[in-house]
Amino acid sequence: MKLTKRLILFCMVFMALSGCAVQRYRAAPLSPAKSATRLESRNLQDPGLRAFVKENLGHAVSASPLQTWDLNSLTLAALYFNPEMAVVQAQTEVAKAAIITAGARPNPTLGVTPGVPSPYLFDINFAVPIQTAGKRGYQILQAKELSEAARFNLANTAWKIHSAVRMALLDYLIAIRSLNQAQSQQGVLSERVQLLEKRLAVGEISRPEVDSARIQLANTKLGVVSGENQISQTRAALAAAIGVPVSALDGLEFSWPDFANPPNAASFSVQEMQRAAVLNRLDVHQALSEYAAAEANLQLQIAKQYPDIQIGPGYQYEESNSFFTLGLSVTLPIFNHNQGPIAEAEARRKEAAANFVATQARAIADNEAALTRYNGAWKELAETEDLLKLHGGRVQLAKSAFNAGESGPLPLNSELLQNVLAGGAEITALYRTQVALGTLEDAIERPLDPGEAMTALDPQSRALENHIKEKKQ
């Protein structure tokens, strides 16, 4: 009886000690009101954002708050504030935690059978599970590959945010240029209406000619109002792409060096661009990691054909007699040899392989289409710039003739109007070219504008992940 009591006491102490390492639940309640307040109070002068931008841009950022923001700094602000990054970062952490789960060794089991009704019967069994055929290694490998795929997905999300910020900033800057062009056109047309009204007053022209100019002026005024509204809309879209309220952009200036001078289309090698599309695309790397995970899963399912073993000592007490045993248990693979999971794993590997090839093919097709589109847009921009130079020359001649008294103000006004209209065509062509350049960047997921060194978008960099993790803590 004393031995029985000691064994029972030992079991209780063992279970108590095992419970010491148990993690406790920590509540993390969500408050919609507090969350909304934090979102509404975000601004680009946040000290944490300033440190993040300085960390990634180095000497380019001073200790004082930034007042002029370019595409690089705005992208970093979006990576800092955009809620999509927090979502994908959490998914990455889930994938990392799965590695711990995959590497966890199965716990031993302890069985105690007290004698009922006889107090002279007592059994205790201790069993240690042993995984065979390298199953644990395959589980860890699969989890690591899925974690790597999640990390590429994080980098891919960062690139998409960069692309969205680029498009929003492009729309905003083009809206400002378009408004300036419409205001210039309004000024030229106002002067034209005045000149025509004077000629109408002395009977040199008919009223329909004046009315036509007035209608053109009214349409231009409507365009000015529309342009002002477009600036407000694009400003709101830029704030949304960054992840801050519109008020956070008040008092800030935005710059884009070489905005009006996109790279020459001839500077891009078709072979190099195609190679970059195949090798640099983050979704290609993600698909490759997913295939490796499917490969590891197939190896794991094949290994599961071999059963695991449970082995351990046992003790029996019966009528003052003690018996020590060594137990061995194993699942007998009689009714199935894991054929179903193996077949599923093989099918998933084929699916992952097909997805990888399809992703590469899509990358190549996207690159070819984007390069063709950019070539056409850049040539159109070059033509509009030549046309604008031609009209600029005609304006200078008209001014010279007017100053010399060889012509009146109306011919000069006509040349000024044609020059302004050519400027509008040049803005449209510039917008199309910059959109095409952005599409080409998306095709290879790498900046092509000068000075766009997006170190935080490097798929091998962990700086962004660590920073967001520190923010959450």
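A: What follows goes through the salt bridges pair by pair. The model is a predicted one, and a search of the whole structure finds 13 salt bridges.

In one of these, R214 pairs with E197, and the closest N and O atoms are 2.7 Å apart. Because R214 lies in helix α7 (residues 207-242) and E197 in helix α6, this pair ties together parts that are 17 residues apart in sequence. R214 counts as partly exposed, at 34% relative accessibility, and E197 is likewise partly exposed, at 32%.

Another salt bridge joins E380 to R432, where the closest N and O atoms are 2.8 Å apart. This pair links distant parts of the chain, since E380 belongs to helix α10 and R432 to helix α11, 52 residues apart. E380 has a relative accessible area of 31% and is partly exposed, while R432, at 45% relative accessibility, also counts as partly exposed.

A further pair is formed by E415 and R394, whose closest N and O atoms are 2.8 Å apart. Here too distant parts of the chain are linked, with E415 in helix α11 and R394 in helix α10, 21 residues apart. With buried meaning under 20% relative accessible area, E415 counts as buried at 15% relative accessibility, whereas R394 is partly exposed, with a relative accessible area of 43%.

Technical notes. Residues are numbered from 1 along each chain as its sequence is written. This is a predicted model: local features need pLDDT of at least 70, side-chain atom pairs count only at pLDDT 80 or more; totals for chains, interfaces and linings use all residues. Side-chain values use heavy atoms; hydrogens and water are left out. A salt bridge is a side-chain nitrogen of Lys or Arg within 4 Å of a carboxyl oxygen of Asp or Glu. Helices (H or I, at least four residues) and strands (E, at least two) are DSSP runs, numbered from the N terminus. Buried means under 20% relative accessible area, exposed over 50%, partly exposed in between (1.4 Å probe, protein chains only).
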